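These are my notebook entries on one structure, set down in the order in which I looked things up. The sequence and model come before the entries.

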Amino acid sequence: VITIKQSNKLESVYVGLEPAKGLKQGDIVKAEEVVGTICQAPLFEEAEGSHLHFEIWKSGKAVDPLIYLQ
């Protein structure tokens with residue numbers, strides 16, 4: 001799981017990534033920087049193939065990410 005704190009209230013969460021080489025907790029990343037590559041799905045999701053779970057959290061609650069991707 002890679003979580004990027006966008007602001008005090010906004011976080012983006014990426015599940016299913018192998019972190020980029022050298023990336024470690026607390027690093028500051030820039031827009032468009034590669035933070036990881038999609039890795040093999042966990043055993044219980046293996047039938048679905050490799051894929052990315054993407055979430056946006058605002059003030060501790062999950063919100064529709066489409067609002068932020070348009």
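Is Glu 32 buried or exposed? I find Glu 32 exposed, its relative accessible area being 82% (exposed means over 50% relative accessible area, buried under 20%, partly exposed in between, with a 1.4 Å probe and protein chains only).

**Basis.** I note that this is a predicted model, in which local features need pLDDT of at least 70 and side-chain atom pairs count only at pLDDT 80 or more, while totals for chains, interfaces and linings use all residues. Residues are numbered from 1 along each chain as its sequence is written, and side-chain values use heavy atoms, with hydrogens and water left out.

**Overall.** I looked up the secondary structure and found 1 helix and 6 strands (DSSP runs numbered from the N terminus, H or I of at least four residues for helices and E of at least two for strands). Along the sequence the pattern reads β-β-β-β-β-β-α. Taken along the principal axes, the C-alpha atoms fill a box of roughly 35 × 30 × 20 Å. Of the 70 residues, 17% count as buried.

**Positive phi.** I returned to Glu 32, which is found in the loop between strand E3 (17-19) and strand E4 (36-38). Its phi is near 70°, a positive value in a residue other than glycine. Most residues other than glycine have a negative phi. I also noted Ser 59, with a positive phi near 50°. Ser 59 lies in the loop between E5 and E6 and counts as partly exposed at 48% relative accessibility.

**Sheet.** I traced an open sheet of 4 strands in the order E1-E2-E5-E6, with antiparallel pairing (two strands pair if DSSP finds at least two bridges between them). E1 and strand E6 (61-63) are the edge strands, each pairing on one side only. From one strand to the next the twist averages 30° (axes are lines fitted to C-alpha atoms, and angles run from 0 to 180 degrees between N-to-C directions).

I then followed the pairings. E1 is joined to strand E2 (residues 10-15) by 4 bridges and runs antiparallel to it; the two form a hairpin with 4 residues between them. Ile 4 has Ser 12 in E2 as its bridge partner, and Lys 5 stands opposite Glu 11 in E2. Strand E5 (residues 53-58) pairs with E2 over 6 bridges in the antiparallel sense, with Leu 10 opposite Lys 58 in E5.

**Aromatic rings.** How many aromatic pairs does the whole structure hold? My search found 1. The ring centres of Tyr 14 and Phe 54 are 5.2 Å apart and the planes stand at 45°, so the pair is tilted (rings of Phe, Tyr and Trp, the last by its six-membered ring, pair if their centres lie within 6.5 Å; planes under 30 degrees apart count as stacked, over 60 as edge-to-face and the rest as tilted). The pair links distant parts of the chain, with Tyr 14 in strand E2 and Phe 54 in strand E5, 40 residues apart. Phe 54 counts as partly exposed at 26% relative accessibility.

**Largest pocket.** I looked up which residues line the largest pocket and found 20, of which Ile 2, Thr 3, Ile 4, Asp 27 and Val 29 lie nearest its centre (on a 1 Å grid over the protein atoms alone, a pocket is an open set of points where a 1.4 Å probe fits, with protein on both sides within 12 Å along at least five of seven lines; lining residues have an atom within 4 Å of a point). Strand E1 (residues 2-5) gives the largest share of the lining, 4 residues.
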